[in-house]
Amino acid sequence: MTPELVALTLAALLQVIQFALMAIPANIELGPGKTMSARDRSRLGGSLEDQLSDGTARLYRAMNNHFEGLILFAIACIVVTLSGQADGFTALCAWAYLLARVVYIPAYYYGLKPWRSVVWFIGFLATTFMLLATLL
Amino acid sequence: MSSELSILALYGLLVVLTVLLNVLTALPQVGLMTLGGPRDDMPPLTGLAGRVARTLDNSVVAMALFAPAVLILSAKGAFTAGTLFAAQIFLIARIAFVPIYAFAIPVPFLRTLVWLAGFLATVYLYLMAL
């Protein structure tokens, strides 16, 4: 298995952890009566996300942001591997992505400005470089 | 590298560009401090920025569907002239989708038809993968 695929697997597991980080406090705050319902806005008086505390809502947005990042990163890792273009540079990019996405979570939770955006951009740039590497 | 995989990588780069457009159009509307902050009370984006944000959401969904289809075909060694054509249609449709949505080009059903072309191309790839 290439380092890119190892990093991708770990990034997917990170998303599982991000789900738990969001879902556990959300269930404690809102109660299973709300979270296990069909979440109709008419009954909840708005969307469920709007009823979360600021901290839990940040963890929710951090998780949603990682879905977008993870799909792009998956394409980058798999295409790099399948096309036989995995090298030291793409491996470095993959580890940089993973590290950035781990740091992104506390950076979002604690509202670190502008570090959340900086860390996000590092992960975004790493993915972009990997995609470009497959085409060059 | 097969052409379908190149198209997948190119589509990834299109989404990268759309993400950048999303940031650049949201910036003048909500300001750097809000966008770079934790976004606790960020107002909904409107106008061009709102349309780009919706374009991005739609493009991410399309990406999550298109990528597995191409990767399954690659793993099965099932690429054909037909799958290459479908992948090309997908890419062209998705490139066109961005300005059509972002600038709300006033041709009835144009955006929806272009979206449908990309969607049907993806469905074709899955049928070929079975």
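**Entry 1: B:Leu127**

I looked up B:Leu127 and found it in helix 5 of chain B. The model is a predicted one, and I read every value below with that in mind. Is B:Leu127 buried or exposed? I found 10 C-beta neighbours inside 10 Å, so B:Leu127 counts as exposed; the cut-off for exposed is 12 or fewer. I also checked its distance to B:Ala69: the two C-alpha atoms are 9.2 Å apart in space, while 58 residues separate them in sequence.

**Entry 2: helix 3 and helix 5 of chain B**

Helix 3 of chain B covers residues 47–76 and helix 5 of chain B covers residues 110–129. I noted an angle of about 30 degrees between them, with the axes 9 Å apart. Helix 3 is therefore roughly parallel to helix 5 in chain B, since angles under 35 degrees count that way. Their crossing is left-handed.

I then listed who makes the contact. From helix 3 of chain B the residues are B:Ala62, B:Leu65, B:Phe66, B:Ala69, B:Val70, B:Ile72, B:Leu73 and B:Lys76. From helix 5 of chain B they are B:Gly118, B:Thr122, B:Leu125, B:Tyr126, B:Met128 and B:Ala129. Sorted by class, the contact of these two helices has 11 nonpolar, 2 polar and 1 charged residues.

**Entry 3: chain B as a whole**

I counted 5 helices and 0 strands in chain B, and the order along the sequence is α-α-α-α-α. Along the principal axes, the C-alpha atoms of chain B fill a box of roughly 50 × 35 × 20 Å. Of the 130 residues in chain B, 31% are buried. I also looked at contacts in chain B with a separation of 6 or more: 77% of them join residues 24 or more positions apart.

**Entry 4: helix 1 of chain B**

Does the span of helix 1 of chain B agree or disagree with its 28 residues? At 1.5 Å a residue, this helix (residues 3–30) should span 40 Å, and its end C-alpha atoms are 40 Å apart, so the two agree.

Which residues of helix 1 of chain B are buried? I noted B:Glu4, B:Leu5, B:Leu8, B:Ala9, B:Tyr11, B:Gly12, B:Val15, B:Thr18, B:Val19 and B:Asn22. The buried residues of this helix pack against helix 3 and helix 4 (81–102) of chain B, and also against helix 4 and helix 6 of chain A. Just after helix 1 of chain B comes B:Gly31, with a positive phi of about 90 degrees.

**Entry 5: the contact between chains**

I next went to where the chains touch. The contact takes 24 residues from chain A and 21 residues from chain B. On the side of chain A, helix 4 and helix 6 (115–135) each supply at least two residues. Which helix of chain A gives the largest share of that side? Helix 4 of chain A does, with 13 residues. By class, I noted 14 nonpolar, 5 polar and 5 charged residues on the side of chain A that touches chain B.

**Entry 6: helix 4 of chain A**

I stayed with helix 4 of chain A. At 1.5 Å a residue, its 29 residues should span 42 Å; the end C-alpha atoms are 42 Å apart, so that agrees. A:Gly84, just after this helix, takes a positive phi of about 65 degrees.

Helix 4 (residues 54–82) of chain A also packs with helix 1 (residues 3–30) of chain A, at an angle of about 165 degrees and with the axes 9 Å apart. The two helices are therefore roughly antiparallel to each other; the cut-off is over 145 degrees. Helix 1 passes helix 4 of chain A in a left-handed crossing. This contact between helix 1 and helix 4 of chain A has 19 nonpolar, 5 polar and 2 charged residues.

**Entry 7: backbone points in loops**

The peptide bond from A:Lys113 to A:Pro114 is cis, with omega near 0 degrees. A:Pro114 sits in the loop between helix 5 (88–109) and helix 6 of chain A.

A:Arg39, a residue other than glycine, has a positive phi, near 60 degrees. I placed A:Arg39 in the loop between helix 2 (32–35) and helix 3 (41–44) of chain A. It counts as partly exposed because 13 C-beta neighbours lie inside 10 Å.

B:Phe109 is not a glycine, yet its phi is positive at about 65 degrees. B:Phe109 is in the loop between helix 4 and helix 5 of chain B. With 9 other C-beta atoms within 10 Å, B:Phe109 is exposed.

Conventions:
Residues are numbered from 1 along each chain as its sequence is written. Chains are lettered from A and ligands numbered from 1 in the order in which they are written. This is a predicted model: local features need pLDDT of at least 70, side-chain atom pairs count only at pLDDT 80 or more; totals for chains, interfaces and linings use all residues. Axes are lines fitted to C-alpha atoms, for helices over the stretch in contact, and angles run from 0 to 180 degrees between N-to-C directions. Helices (H or I, at least four residues) and strands (E, at least two) are DSSP runs, numbered from the N terminus. Angles under 35 degrees count as roughly parallel, over 145 as roughly antiparallel, 65 to 115 as roughly perpendicular and the rest as oblique. A crossing is left-handed if the near helix is turned anticlockwise from the far one by less than a right angle, and right-handed if clockwise. Ala, Val, Leu, Ile, Met, Phe, Trp, Tyr, Cys and Pro count as nonpolar, Asp, Glu, Lys and Arg as charged, and the others, Gly among them, as polar. Two residues are in contact if their C-beta atoms, placed from the backbone, lie within 7 Å. The expected span of a helix is 1.5 Å times one less than its number of residues. A residue is buried if 20 or more other C-beta atoms lie within 10 Å of its own, exposed if 12 or fewer, and partly exposed in between; C-beta atoms are placed from the backbone.
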